[in-house]
Amino acid sequence: MAETKKLSLIAFSGDFDKLTAVFTLATGAAAVGYEVNIFFTFWGLDAIKQKRGRSFIGSNWLTKIFGFMMGGLSVAPNSRFNFAGIGPQIFRSLMRKKNVATLEELVDAANALGVNLYACEMAMHVLGLEKKDFINEVKDVLGVATFLKISEGGQTLFI
Amino acid sequence: MATHTLDITKEHCPMTFVKTKLKLAQIAAGDTLEVLLTEGEPLENVPRSAKEQGYNVLSVEHVEGNVHKVTIVK
């Protein structure tokens, strides 16, 4: 077998369209034999929340309100054409009609392919999130130094 | 040694690769997988990435129109 190639993605955005790009790259790369790491930070953490809708998760009243406003994967807004949350639903319906994988299907595929999911320790601390608030597939909670070590020798993208 | 078939002619990137990879992971070593796919990215890259991942690509045949059949042995 050839030497393993590596792709590491920093998922900073919690936008529906940008997360779709993250998971399209991740699943495509994993499927053609790359080792894939995704490091979720700030808004990106919304993508790996256990609760995909809106819920008051956080360590105090302020982070709980933030948690509610940010929401999870199924309420991720579009970076453009959001139309108060209707935009992503229009895209989901278009994607289904055109037989293109939706964001939720891509996340499932990433998990089936063994893509490594990591959460940013600092952003979790700021937002009052704990590892138990995330899906079980999240492998670890990391900081910059560990992420750099994990991504070393491969390609890295910030989305 | 069983033969499995996978039709990805209606799929789009990245699910073309994803479905092939997951199917190859499911089948037993020595089994054959026949993948029906279309010209362009799937035809260029499914056999190439299967080879890179250590699978044996036996043949790439034209079926009809823009549909091709790639035979891979795990």
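Mentor: Happy to! Let's start with a definition: helices (H or I, at least four residues) and strands (E, at least two) are DSSP runs, numbered from the N terminus. Keep in mind as well that this is a predicted model.

With those words in hand, look at chain B. Chain B has two helices and four strands. Starting at the N terminus, the order of its elements is β-α-β-α-β-β. The radius of gyration of chain B is 11 Å, close to the 11 Å that the globule rule gives for 74 residues, so chain B is as compact as a globular protein of that length. Taken along the principal axes, its C-alpha atoms fill a box of roughly 30 × 25 × 20 Å. As for the interior, 27% of the 74 residues of chain B count as buried. If you take the contacts in chain B with a separation of 6 or more, 57% of them are accounted for by residues 24 or more positions apart.

Now for the close look, which is at the two helices of this chain. How do we describe such a pair? Two packed helices are described by the angle between their axes and the distance between the axes. Here, the axes of α1(B) and α2(B) come within 10 Å and cross at roughly 30 degrees. Angles under 35 degrees count as roughly parallel, and therefore α1(B) and α2(B) are roughly parallel to each other. The crossing also has a hand: α1(B) passes α2(B) in a right-handed crossing.

Which residues make the contact? On the α1(B) side they are Thr16(B), Phe17(B) and Thr20(B), while α2(B) brings Pro42(B), Asn45(B), Val46(B) and Ser49(B). Sorted by class, the contact of α1(B) with α2(B) holds three nonpolar residues, four polar ones and no charged ones.

Pro14(B) sits in the loop between β1 (3–7) and α1 of chain B. The peptide bond that joins Cys13(B) and Pro14(B) is cis, with omega at about 0 degrees.

Next, let's turn to the partner chain.

Chain A contains six helices and five strands, and along the sequence they follow the pattern β-α-β-α-α-α-β-α-β-α-β. The radius of gyration of chain A is 15 Å, close to the 15 Å that the globule rule gives for 159 residues, so chain A is as compact as a globular protein of that length. The C-alpha trace of chain A spans about 50 × 40 × 25 Å along its principal axes. Buried residues make up 39% of its 159 residues.

Val141(A) belongs to strand β4 (residues 138–142) of chain A. With 17 other C-beta atoms within 10 Å, Val141(A) is partly exposed. Setting aside its neighbours within four places in sequence, Val141(A) is in contact with Ala119(A), Glu121(A), Met124(A) and Lys131(A).

The other two are found in loops. Ala84(A) lies in the loop between α2 (61–70) and α3 (86–97) of chain A. Its phi is near 55 degrees, a positive value in a residue other than glycine. Ala84(A) counts as exposed, with 6 C-beta neighbours inside 10 Å. Further along, Asn99(A) is in the loop between α3 and α4 (103–112) of chain A. Asn99(A) is not a glycine, yet it has a positive phi of about 60 degrees. With 10 other C-beta atoms within 10 Å, Asn99(A) is exposed.

How values were computed:
Residues are numbered from 1 along each chain as its sequence is written. Chains are lettered from A and ligands numbered from 1 in the order in which they are written. This is a predicted model: local features need pLDDT of at least 70, side-chain atom pairs count only at pLDDT 80 or more; totals for chains, interfaces and linings use all residues. The radius of gyration is taken over C-alpha atoms; the globule rule is 2.2 Å times the number of residues to the power 0.38. A residue is buried if 20 or more other C-beta atoms lie within 10 Å of its own, exposed if 12 or fewer, and partly exposed in between; C-beta atoms are placed from the backbone. Axes are lines fitted to C-alpha atoms, for helices over the stretch in contact, and angles run from 0 to 180 degrees between N-to-C directions. Angles under 35 degrees count as roughly parallel, over 145 as roughly antiparallel, 65 to 115 as roughly perpendicular and the rest as oblique. A crossing is left-handed if the near helix is turned anticlockwise from the far one by less than a right angle, and right-handed if clockwise. Two residues are in contact if their C-beta atoms, placed from the backbone, lie within 7 Å. Ala, Val, Leu, Ile, Met, Phe, Trp, Tyr, Cys and Pro count as nonpolar, Asp, Glu, Lys and Arg as charged, and the others, Gly among them, as polar.
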